[in-house]
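Dear colleague,

I am handing over the structure below, and after it I set out what was found. Please read the notes alongside the coordinates.

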Amino acid sequence: MDDRAPQRVGLVGSGHRVRTVYVPILDALADRFELAGFTSRSRERRTDVGARTGAPGYESAADLLAAAEPDIVVVAVSGEANEAVTRELLGTGVPLLVETPWAWSTTGARSLLDAVPDDALVAVAEQFPFLPVEQLRRRLIDEGVLGLVHAAHNESAVWDYHGIAQLRRYLGELVEPAEVRATRFSMPLVSPEDPATPRSCDGYVATITHAGGEILSQRFVNFYDPPLRLNRHLTIDGELGSVADDEVRALDRTSGRVEAGTVERVTEPGPDGDRLLRLEVDLGRLGHHVWENPFADHVLSDEQIAVASHLVALGDAARGQGRPLYSPQQALGDVEIMHAIGLSATHGRPVSLPVNVRLEQLRTVSSPTYVRSKLAPALDRLGARVHSTGG
């Protein structure tokens, strides 16, 4: 691969995410990447996206690889199709950036990981741990401002498995989770759009413990973002300080004083919109901490910046420089924790990690919690029938 030439990118998929995330990124980073082609089973979609990008459209990933010869392939299909399409491409030898979820089940995620050749270059585009604010938070951790991180909590600030990925990055790759405990709940939620009709709002509370005593917790509620809900927060606790959303507090060991600061976004207006230059937080004696946006010359959203970071890292790795930001092994860890949350919430017991799928299936079907959940509808129907007959 010529280090001076733009790398040719093939997009497997042409849906909303391709059009709103990847195409704008490739447009902005035209000096580094060239769109070699994309796939769509719809002739109309191939025509529309082709007119927008100037790139050829193909019916299948095989056609794309054969005709366009991309240097990198991005898999951005539906979650249901993701596993099968990724498996199809693993043997081609082309570096892959695969959208989340890596797979929907622990068994599927492990099987897909086992299918990755030893010499393959595969990355997972889990963007939430690499958003600009996350890059700054991780920098504070790496620079020792918070000391050793021992706990973090997501209060519906980040969606479901993305929140798990984000929390895990605060502890680092070497800290392995050991056990998950979870409980489901359901509560009524009234929407301002329809105040007369409460809807059922489902969620769970989960705690992930680690061998060294570190704790991650997540309380996730579906429909968590109506205007009535203010309790969307993310916190990180370390031995020297903490982060609560954009607020940072930490102890200066030398003076014994607590320094505090707020994360600030520094932007610059332009004809096409504001460009994010950097994020910074001033912590007095503990210094001025800055994350510089490597894509500050372009108007990109925070999510686009995170995905662009993945694409650039994979492109560099393909040229023998560095490694991808998020591996299939890390993605498997997210899938296993989410599976363990579901199992624990179902049978009411803690689940050890890594998940023993067969054992947990047996524990589920034999648990009183599961049995009650299956019997409850039948008992309700029986009670209603008895009541209606006056028995």
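Helix 1 (residues 16–28) and helix 2 (residues 43–53) pack with their axes 12 Å apart and at an angle of about 30 degrees, where axes are lines fitted to C-alpha atoms, for helices over the stretch in contact, and angles run from 0 to 180 degrees between N-to-C directions. The two are therefore roughly parallel to each other, a label that counts for angles under 35 degrees. In the contact (heavy atoms within 4.5 Å), Arg 19, Val 23 and Asp 27 of helix 1 meet Arg 45, Val 49, Arg 52 and Thr 53 of helix 2. These residues divide into 2 nonpolar, 1 polar and 4 charged.

This is a predicted model, in which local features need pLDDT of at least 70 and side-chain atom pairs count only at pLDDT 80 or more, while totals for chains, interfaces and linings use all residues. Residues are numbered from 1 along each chain as its sequence is written, and side-chain values use heavy atoms, with hydrogens and water left out.

Helix 6 (residues 132–142) is mostly covered, with 8 of its 11 residues buried, that is, under 20% relative accessible area with a 1.4 Å probe, protein chains only. Just after helix 6, Gly 144 takes a positive phi of about 80 degrees.

Best regards

Notes. Helix = DSSP H or I, 4+ residues; strand = E, 2+ residues; numbered from the N terminus. Parallel < 35°, antiparallel > 145°, perpendicular 65-115°, else oblique. Nonpolar A, V, L, I, M, F, W, Y, C, P; charged D, E, K, R; others polar. Buried < 20%, exposed > 50% of the residue type's maximum accessible area, 1.4 Å probe, protein only.
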